[in-house]
Amino acid sequence: MNTEYPVVIYGASGYTGRLVAEHLRELGVPFLAAGRNRDRIEKELQLVPGIENAKYKIVEVEHNVEALTELFNGCKVVCNTVGPFTRYNLAVAEACVRSGVHYLDTTGEQSAILQLEEHFGRDFEKAGLVMVPSMAYMYGLSEIGARYCLETPGVDSLRMHGIGNAVPTVASAQTILDAVRHPCYYLKDRELVRYPGIENGQVCTPSGEILITSNWGGSSNPIWFRKDGRVRNCKMDVAIWNQELYKKELELERAYKVQLQWLPEDQLRDVLDHMAKGITPASPPREARQVHRSIDICLATGNNVAVKSTIFSTGGYLTTGLLQAYAASRLAVETPRVTGLRSPSEVFGHRELMGVLQSFGYAAIKVEQVV
């Protein structure tokens, strides 16, 4: 029983796991730092600012349901940072529901979220637990902006854009390539409609620059808003200031359709992971808040109303670390107001999430009535 440590960071040696640890330390929450290699966890946690003042324990654990269930028993919440999530999330979620623990992760992949819903959504509901993917910059911030817009009566359609300046981590690069082979959707007339492939568009930044966008896996927002009776349509795309990334995504899609989709699953993963190294060969350096900045825009419209939200934020991975830690700190002591598979704002409130981001200086929002 781990009652002394209410939070588990699973994947604590990774780039994102270290940031979750940093923010749990900042919030004064004890945690278990868990993963498959104790020595690596110990080495990586020494890079966390202020770690000497944190209350934590390192635990080495195998990635299987039985071992994870034993580890989670007595805890309150798991912050799962082990990706790509379509490969690894089911074992973690099953261990959570077996041990009566809430589940958070950092994925924006629609396929990973739908996979969780299909296998364990009902089980989490029955157990009075929440399962919250996308507790991260992608796409927790864009959801916050959309929900501010939905406070305006008459709004029924959400057109969303994310503009970022970031270098993907190793696991994020693997996730980008994994997502190419899974279907993704947007919401049209309250139905999920499948994209035929990668869809590119354009977005005008607040400074007037035109960037090429990608549907980038569709984002988690159409999944969340398909069950919101106020929303008929929801579509989101993403632009990266480094415009070479969308080109690499297109190249991979072509390669997958022409050459790779015929490979057996184990061989295909090896090939995709090798290609991911061409995007991010090693863990990137810590984000610089003066460099790694993002903009999330939502234009919400109805028959005779329009409202726009714009969120300016800094450090997508830093933001992710804070959102995970804040959510875990609340679930460690609260009984959530909803259960089952839920979005970040459904569980914790969009204004509350925005408030903690503002308090750390990570984000600010502007909401303006257009009509």
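Modeller: A disulfide is a pair of cysteine sulfur atoms within 2.5 Å. This is a predicted model, in which local features need pLDDT of at least 70 and side-chain atom pairs count only at pLDDT 80 or more, while totals for chains, interfaces and linings use all residues. Residues are numbered from 1 along each chain as its sequence is written, and side-chain values use heavy atoms, with hydrogens and water left out.

Colleague: How many disulfides does the structure hold?

Modeller: The structure holds zero disulfides.

Colleague: Is Cys184 buried or exposed?

Modeller: Cys184 is buried, at a relative accessible area of 12%. Buried means under 20% relative accessible area, exposed over 50%, and partly exposed in between (1.4 Å probe, protein chains only).

Colleague: Turning to rings, how many aromatic pairs are there?

Modeller: Searching the whole structure finds four aromatic pairs. Rings of Phe, Tyr and Trp (its six-membered ring) pair if their centres lie within 6.5 Å; planes under 30 degrees apart count as stacked, over 60 as edge-to-face and the rest as tilted. One of them, Phe31 with Tyr56, is stacked, at 5.5 Å centre to centre and 10° between the planes.
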